[in-house]
Amino acid sequence: MNKWVYTFGGGRAEGSAGDRNTLGGKGANLAEMCNLGLPVPPGLTIVTSACNHYYDNGRRLPDDLKDQVRTALRQMEGITGRLFGDMTKPLLLSVRSGARASMPGMMDTVLNLGLNDRTVEALGHDAGDARFAWDSYRRFIQMYGDVVMGLDHEVFEEILEDEKGRLGHEQDTELSAVEWQHVIARYKETIEEELGEAFPQDPEVQLWGAIGAVFASWMNARAVTYRTLHNIPAVWGTAVNVQAMVFGNLGNSSATGVAFTRNPSTGENKLYGEFLVNAQGEDVVAGIRTPQNITEEARIASGSDRPSLEKLMPEAFAEFRGICDRLERHYRDMQDLEFTIERGKLWMLQTRSGKRTAKAALKIAVDMATEGLISEGEAVARIDPASLDQLLHPTIDPRARRDVIGSGLPASPGAATGAIVFTSEDAVAAQEEGRRVILVRIETSPEDIHGMHAAEGILTTRGGMTSHAAVVARGMGTPCVSGAGTLRVDLRNELLVAHGVTLKKGDVITIDGSSGQVLKGEIPMLQPELSGDFGRIMEWADRTRRMKVRTNAETPADARAARSFGAEGIGLCRTEHMFFEGSRINVMREMILAEDEAGRRASLAKLLPMQRSDFAELFEIMHGLPVTIRLLDPPLHEFLPKSDEEIAEVATALAIEEAALRRRVDTLHEFNPMLGHRGCRLAISYPEIAEMQARAIFEAAAEAAKTTGAAVEPEIMVPLVGLKAELDYVKARIEAVAKAVIAETGVAIDYLVGTMIELPRAALRAHVIAESAEFFSFGTNDLTQTTFGISRDDASAFLSTYIQKGIVEQDPFVQLDFDGVGELIRIAAERGRSTRNDLKLGICGEHGGDPASIHFCEEAGLDYVSCSPFRVPIARLAAAQAAFNGKA
């Protein structure tokens, strides 16, 4: 018999933190806290494999699951002294999801389960507080009606707002027991009218409805989107945690809150969090009421006049702080905790490694290493390389004039400018049109995940630092200002009203997620400087990694940026990009349109000084570092005009007949140019092009060596080689030019000639090609295309469907296909080095900046990866983690 259920409570648990894959993150950590003797309400966890069973069997739960759940419920009843569905001392339950990876707010939760028209009376009598019981019942109906029965929560909110308006109340806490009874009656009437069925009164029916709904939420739209964004496999499934309820809404001696053991935005080593008195957990994270600070220091810093938990409930606070310290030391990481205080008694509901900004992650890792809690290697391994993108966000220029129209909480750092939109759908539409927008909401919900991802920044008028908007924005690295209560959002008319200023959809604002300010218009920005904790982590990373990190660059600006980010040379200079600049394109076209070699050479003579100047500047910027220059790669027709209007314009500029130009365009047209007359094939057909480029490289190297006083070692890369004979032909022309330039300048130049491995044949014949090639650079963009037989430009039409249907896990153009393309790389590396043991191996496709692909490169024994300039820090860190994992 399968074990579907694990129990915890009473100081004992069947699982532990190591059972994350089975129990999910929440269930594993609840078990661990129980084993540590911390105050945790008893409960049970239904394992993640039950979720897979649910979907593999037409959304049916395992037959023997009910008996195991009933047995576990009996154990919970014994610990609590309450009975599920009892009319005297009812046991109420929470039903929550809990995936292996944290997915905050993406799946469904039901609280206060077990209440009905009779148990609500028993709860009120047992607690001595009828108002509390009826408040809990209405919360349950709202949640269950939405999550399980499918009636939108807005329907319930409208009823509640209508009743509050009729009664003259502003806050939910002002409603009496009798008034809540009237709200509940309206809720139940609406459910029956809208759905044609009554709200279930049987607690057993309620429980299985909630369990099924949580499993079903694993495949809801927002969960699927979140998993796609964070590369979480659908096959992991979610666990379901059923736990005895404890109540933060049992009067003014009760509270509920969320906390982090360190500041998740800055990394500062101070307890950080928020709570609400007389509330339940969803009130804090949903942003329905603006919460209070946990610590007195934070209250003073925020200027709040409402008491902190430290002042209001000093005994519970002291116990909580002690637990925070203990859990952080136990897990050796910053913790994100949820807690409830029921009439002065503290209960721990969750702990997990807290999501944090990149800036905070760096500081926490460095501080913990300094404190001796973790090693330097572990500190490096703790940083998500992709999160370093957050550090590259611009900030507002301190010298700029700020037209501040409001302020809120600095929920996620960085600044963003964009046009106002009020819906997620508008944000997505704007992104597709290439427009930058700020998503402005009263509060966000998990349904806004797609809009939050599309927006440059997020602004909400409700919610705290632990609200949905804040947590999700920090995880995405998107600037966010939350709880901007001085602003008013009019969703019906799509207006934002602030300090007498009314802004409409499409008006431009700037938000500063580091200060919480909201500013009118577009404000000048500054690019970030990477130092401090970043510098320490990079220093440790550089000591750890084996592979070098180069950059893909052909402009001086890109080369300088990459060098400032720590690039150790250029791994790919795409010379064709240089020909598209300014007047050069017409000289290039003139060369292509020439009738004979003499005409081509005359045009190439004009291009030579331009190329030489480009290369000299790159060599000077990268002095002392290798520079790999790829000879002309794309087919010649890419440089020619296409439309009738462009053809007429170019014909006039070059003083040739339109008909002649059109004939040449037609002649060069190819049905499949990616596999056509390009790369080394051009150099063989028109060797004068390769000779001009080689001369420009060698003359620039001689010039740069004199200017910088440092030897320059260019690496000349011949693209799209499939045959050794192709490389031999082009290499002979390069060597002849090198010999001539060295004789002319009197400057000795050391250089290498190698090739890109971007065809399967080249990978399979690497041992032969290596007889001539002094280095291989894997061009994984084209190698992926030629291995799969997929055009990268057209693949988006079906690859997303492949991913959704589980045909492939990742887009192979984003993350290297380890089994197919990766196998070819391994073969080429092994066979190439069998011929030439000092063969230099690198990768220069887009995969050179992908952390998972970099791990593969380390395993394959490559010497370097090359990526775009702003991915260099990511690659440095990922290369260090790959080396660290290899040693572990």
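Reader: At what angle do α3 and α8 pack?
Author: This is a predicted model. In it, helix α3 (residues 65-80) packs against α8 at an angle of about 115°, and the two axes are 13 Å apart.

Reader: Is that crossing right-handed or left-handed?
Author: The crossing of α3 and α8 is right-handed.

Reader: Which residues make the contact?
Author: From α3, L65, K66, V69, R70 and L73; from α8, E204, L207 and W208. Sorted by class, that contact of α3 with α8 has five nonpolar and three charged residues, with no polar ones.

Reader: What about α2 and α8, how far apart are their axes?
Author: The axes of α2 (residues 48-56) and α8 (residues 203-217) are 10 Å apart, at an angle of about 85°. Angles of 65 to 115 degrees count as roughly perpendicular, so α2 is roughly perpendicular to α8.

Reader: And which residues touch there?
Author: A50, C51, Y54 and Y55 of α2 meet G212, F215, A216 and S217 of α8. The contact of α2 with α8 has six nonpolar residues, two polar and no charged ones.

Reader: Switching to strands. In what order do β19, β20 and β21 sit in their sheet?
Author: The order is β19-β20-β21, in an open sheet with antiparallel pairing. β19 (487-490) and β21 (501-504) are at the edges with a single partner strand each, so one side of each has no neighbour in the sheet. Neighbouring strands of this sheet are turned by 20° against each other on average, direction ignored.

Reader: How many bridges between β20 and β21?
Author: Four, with β20 covering residues 495-498. L496 has L503 in β21 as its bridge partner.

How values were computed:
Residues numbered from 1 in each chain as written. Predicted model: local features only at pLDDT ≥ 70, side-chain atom pairs only at ≥ 80, totals over all residues. Heavy atoms only, no water. Pairing = 2+ DSSP bridges. Helix = DSSP H or I, 4+ residues; strand = E, 2+ residues; numbered from the N terminus. Axes fitted to C-alpha atoms, helices over the stretch in contact; angles between N-to-C directions. Parallel < 35°, antiparallel > 145°, perpendicular 65-115°, else oblique. Contact = heavy atoms within 4.5 Å. Nonpolar A, V, L, I, M, F, W, Y, C, P; charged D, E, K, R; others polar. Left-handed = near helix turned anticlockwise from the far one by under 90°.
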